[in-house]
Amino acid sequence: MTTSTLTTTQRIEKEPPAWTRMLDLSDRALAVLLLAPAAILLSLIIVYPVARLAYTSFFSLSLTSGLPAEFVGLENYQLMIEDPVFWETTWNTVLITLITVPGALVVGMGLALLANLPFRTQWPVRLSLLIPWALPLSFAGLIFAWFFHSEYGVVNDVLNRFGIEGVIWFNSPDLAFAAICLTIIWKTSSFMALIILAGLQTIPRSLYEAADVDGAGRLRQFFEITLPLLKPAIVVALIFRTITALQTFDIPYMMTGGGPGTSTATLAMYIHQNTVSFLDLGYGSALAVVMFLLSMCVTVVYLRIIRTKE
Amino acid sequence: MSHVTAEGPASFFSGKPLRFIAATILLVNGMFPALWILFTSLKTEAELTVKPITWFPHAPTVANYMQAFSDQPLHIFLFNSFMVALLSTCTTLLVSVLAAYALARLNLKYRGLILSAIIAVSTFPLVTLLVPLFEIMRALNLLNTWIALILPYTVLSLPVCTLMLVSFFEGIPRDLENAAMIDGCTRLGALFKVVVPLCAPGVFTAGILAFVNAWDEFLLALSFNSNPALRTLPVGIQLYQGEFAFPWPVISAALVVGIVPVAILIVIFQERVVSGLTAGGIKG
């Protein structure tokens, strides 16, 4: 009952008798109305801050000094080029990306192939791929810091059982870096596996049966049927993984805090330190601009790929 | 997903022993870290420092959980995390449902351009916004408020949720809506009375992804909310570390408490989450 009264009043208020024509006319107005909240949010939280970021990077703005912002041109960028920590953290970030992205792909592919076996019950397999995805990165960092604990960690315990002397993981830059990369690969490979698994399940079984008839071996089937058909899904997953790898923060922050020294610090950690700890917003902005440009390169490649697909 | 149960010609290998090994590898890989933290949380400090280390707790105790709640306001961290995640999820869903409807149903001139822009934004590195957002939140006096996190978290999931919902909306026949409009519904009325209910699974899936994204976020929470009363769980967990001491059993207990809510969500809605992740919501 209430709905009918409601609709009649609405009809009187909003809709003239020829409502179909009205609808055509209001399409644009409606679109503007519906897209406005998203547009406002995006411009408030992304577009304006990006503009602000670029702007601030040309200023000397340190909140600790209490001095007003002063235009310094490219001075922040000049400082950056001369700053060894900038180069070290950027190199670490690039290295983490180059190691963990292919690493997660290979491990994820392995997990997906295993998960694609004809199990009678699917949920434990699915769950074991979902749990690492859902675990917060910061939690994964803490858990694996405990794993790699030199005295009571399970990694050294397992090594000891195989007769290998345990090591102090977080005292050596290389070992600490390796521990961080292993953790990132563990955390991100499950998501890769889920994407690849979804791709695997769309490949028609008849293709493999035909290949069997033709006498193609399992390995050849993998390289000539599975891999080419999975390519689109893998490319998209790789691009997203690359962009998130460039932003690596949580896991090294929790596991080593960037140490020993700054040997495992990432660019994101350096941005955070300059902004939140040193309150040097000018320099922090210049660093963030570098990261922005790095990930924009990847995004441009991504958009290219999508365009060519359409 | 679960139709691959028949014995039949297997896709890659077959045979029971292989399946057993595969299942073991998958389960150990996926579950062991969480299980290990659970075991650690049940051990006493004394048992933890025995060498060689024990794997299963000999005398399980819940004392660490009591201590996790008494040493730090863990319930407050949980509450903050939950409210920030819930409120940002609701905002994301509301905004993305409207935008996705416009993109899926209205004949927009710049549809392709808008979609490309959304895809570009979905790859946006949130880390770079740390500086300007910090500046803005500070200027607006929003540091140490929920809003300082809800706004960026909403935007964090907005592109992915919108893209996902566009594809869900496109799957719903227009006739249903037209019928509702002939019956006197307005367009927005048809959206909320016909389209959204039909898309409920899709909207719900988008909601879970947005919730997990917000629950997991660390950097902005760490940077914007330093007040202990407003810390979210990932940030609050750091407070357990003393200057020299690292009370692992208590930290483990706090971690378990933080994992359980999301784990429950994942266990109940696993199929939906998988389909959402693999459909269009591609973000690690």
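1. Among contacts in chain A between residues at least 6 apart in sequence, what percentage join residues at least 24 apart? The figure is 69%, counted within chain A of what is a predicted model. For the complex as a whole, the predictor reports an ipTM of 0.86 together with a pTM of 0.86.

2. Among the elements of chain B, the highest mean pLDDT, 93, belongs to helix α4 (residues 74-105) of chain B, while the lowest, 77, belongs to helix α8 (residues 174-182) of chain B. Residues 1-12 of chain B have a pLDDT below 50, and in the model this stretch has 19 contacts beyond near neighbours in sequence. I would keep these values in view when reading the points that follow.

3. Turning to the overall form of chain A, the secondary structure consists of 13 helices and two strands. The radius of gyration of chain A is 26 Å, whereas a compact globule of 310 residues would have one near 19 Å. Along the principal axes, the C-alpha trace of chain A spans about 85 × 75 × 45 Å, and 42% of the 310 residues of chain A count as buried. The domain assignment places domain 1 of chain A at 19-52 and domain 2 at 83-309, and the centres of these two domains, taken over C-alpha atoms, are separated by 36 Å.

4. Chain B is likewise divided by the assignment, here into domain 1 (16-61) and domain 2 (67-279), with C-alpha centres that lie 32 Å apart. The contact between them takes eight residues from domain 1 of chain B and seven residues from domain 2 of chain B. On the side of domain 1 of chain B that touches domain 2 of chain B, the elements giving two or more residues are α1 and α2 (45-48) of chain B, and α1(B) gives the most, with five residues. By class, that side of domain 1 has four nonpolar, two polar and two charged residues.

5. As for the contact between the two chains, 88 residues come from chain A and 91 residues from chain B. On the side of chain B that touches chain A, helix α1 (residues 16-42) of chain B supplies the largest share, namely 14 residues. The residues on this side of chain B divide into 63 nonpolar, 22 polar and six charged.

6. The largest nonpolar core has 164 residues, and those with the most contacts inside it are Ile271(A), Tyr101(B), Leu130(B), Leu165(B) and Leu255(B). The largest share of this core, 16 residues, is contributed by α7(B). If residues up to four places away in sequence are left out, Leu255(B) touches Phe139(A), Leu142(A) and Ile143(A) in chain A, as well as Ile37(B) and Ile237(B) in chain B.

7. Leu279(A) has a positive phi of about 55 degrees and is placed in the loop between α12 (267-277) and α13 (281-309) of chain A. Because 15 C-beta neighbours lie inside 10 Å, Leu279(A) counts as partly exposed. In chain B, Asn141(B) has a positive phi of about 60 degrees, and this residue lies in the loop between α6 (130-139) and α7 (147-170) of chain B. Asn141(B) is exposed, because 9 other C-beta atoms are found within 10 Å.

8. Is Leu277(B) buried or exposed? Leu277(B), whose place is in helix α13 (residues 270-279) of chain B, counts as buried because 25 C-beta neighbours lie inside 10 Å, where the cut-off for a buried residue is 20 or more. Leu277(B) and Leu209(B) are 68 residues apart in sequence, and their C-alpha atoms are 7.8 Å apart in space.

Definitions and conventions. Residues numbered from 1 in each chain as written. Chains lettered and ligands numbered in written order. Predicted model: local features only at pLDDT ≥ 70, side-chain atom pairs only at ≥ 80, totals over all residues. Domains from an automatic or database assignment. Helix = DSSP H or I, 4+ residues; strand = E, 2+ residues; numbered from the N terminus. Rg over C-alpha atoms; globule rule 2.2 N^0.38 Å. Buried ≥ 20, exposed ≤ 12 C-beta atoms within 10 Å, placed from the backbone. Nonpolar A, V, L, I, M, F, W, Y, C, P; charged D, E, K, R; others polar. pLDDT = per-residue confidence, 0-100. Core = buried A, V, L, I, M, F, W, Y, C linked by C-beta atoms within 7 Å.
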